[in-house]
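Hi everyone, thanks for coming along. Let me put the sequence and the model up on the screen, and then we can walk through the fold together.

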Amino acid sequence: MPPVLEVRDVEFSYPDGTRALQSLSLGFARGRRTALLGRNGAGKSTLFALLNGIERPGRGEVHFDGAPVAYDRGSLRQLRRSVGVVFQDPDTQLFSASIREDISFGPVNLGLPRGEIQQRVEAALAAVGLTALAERPTHALSYGEKKRACIAGVLAMDPRVLILDEPTAGLDPPMAAELMILLNALHERGITVILATHDVDFAFAWADDLCVLQEGTLAFHAAADDFSAVAEHFPGLGLELPWVYEVFGELWRKGAIDGETPPRTRAELLARLR
Ligand SMILES: Nc1ncnc2c1ncn2[C@@H]1O[C@H](COP(=O)(O)OP(=O)(O)O)[C@@H](O)[C@H]1O
Ligand SMILES: [Mg+2]
């Protein structure tokens, strides 16, 4: 699968001179679920800002759908329709009076016909399970509901790529599990999903591909199915191993579990033990 989004030899520095990305080349394959890992300050959020044209690389190129991104207004509008970003802090993303109004904002801005706007808003509300709260003021939502409202706002744009910056931060385990179900449903619909997270267990359970940034460069990009080949690098990158992977390894060395391929979830591990 050719990448739907790609950065080629990208370098990016902030105006104060902080170099956030350097010599970064990385492609995101169409239809895959990618988890981006890396310590605070590794460059994950900066990469996301480049991927939908919020920031422009100092050197190198960003490619969408096989063509270099252009930075005129029209091209950027087009890019942002196709590549939706859900930012880490929902309060920076929600600004309208009610959830419904907030979700309508993008489609209204696209100048879509009324019927289509309504249909997109209802579909987005339903996708994130917020239909019953549609008229609720955005300030009167729980943190998890705000996060879902932000996702709905991006979904209403009908993006081909959905990027989420630390979507699991601040969610309790059942909420994170619900998020995983939602992201998988979107992936099933053909949307390419890329997220940054510090939750290695979530990443290992959910992602097709794992990608690790370190100080603005790519440490590695591997299929989660090939995790064994890269696991040894995790501690050196300041990352813990997924617990399911670690426990499987111990059990395997003790001869208490069969099979070569490590399970990816608690349920898979338990099933293998039975
Ligand atoms: N607005 C900014 N101005 C200056 N430096 C920034 C800004 N935003 C991020 N940085 C710096 O850029 C680097 C990468 O940050 P970031 O992309 O936010 O990393 P991550 O999302 O992986 O935590 C860090 O050194 C960070 O301090
Ligand atoms: Mg970040």
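Let's begin with strand β1, residues 3-13, which runs antiparallel to β2 and is joined to it by seven bridges. Within this pair, S13 stands opposite R19 of β2. Helices and strands here are DSSP runs, H or I of at least four residues for helices and E of at least two for strands, numbered from the N terminus. Two strands count as paired if DSSP finds at least two bridges between them.

Before I go on, a word on the source: this is a predicted model, local features need pLDDT of at least 70, side-chain atom pairs count only at pLDDT 80 or more, and totals for chains, interfaces and linings use all residues. Residues are numbered from 1 along each chain as its sequence is written, while chains are lettered from A and ligands numbered from 1 in the order in which they are written.

Back to the sheet: it is open, has four strands in the order β2-β1-β4-β5, and pairs antiparallel. Which strands stand at the edges? They are β2 (19-29) and β5 (67-68); each has a single partner strand, so one side of each lacks a neighbour in the sheet. Across β1, β2 and β4 (59-64) lies helix α1, residues 44-51, running at about 120° to β1. That angle is taken between N-to-C directions, from 0 to 180 degrees, with axes fitted to C-alpha atoms, for helices over the stretch in contact.

Now to helix α4, residues 99-109. Its buried residues include I99, R100, D102 and I103, where buried means 20 or more other C-beta atoms within 10 Å of the residue's own, with C-beta atoms placed from the backbone. The buried residues of α4 pack against α5 (114-128) and α6 (143-155). Just after α4, G111 takes a positive phi of about 75°.

What does A152 touch, leaving aside neighbours within four places in sequence? A152 is in contact with I103, A124, L125, A127, V128 and L130, contact being C-beta atoms, placed from the backbone, within 7 Å.

Finally, the domains. The assignment, automatic or from a database, gives domain 1 (3-241) and domain 2 (242-274). Their C-alpha centres lie 30 Å apart. Nine residues of domain 1 are in contact with eight of domain 2.

Terms used
Buried ≥ 20, exposed ≤ 12 C-beta atoms within 10 Å, placed from the backbone. Contact = placed C-beta atoms within 7 Å.
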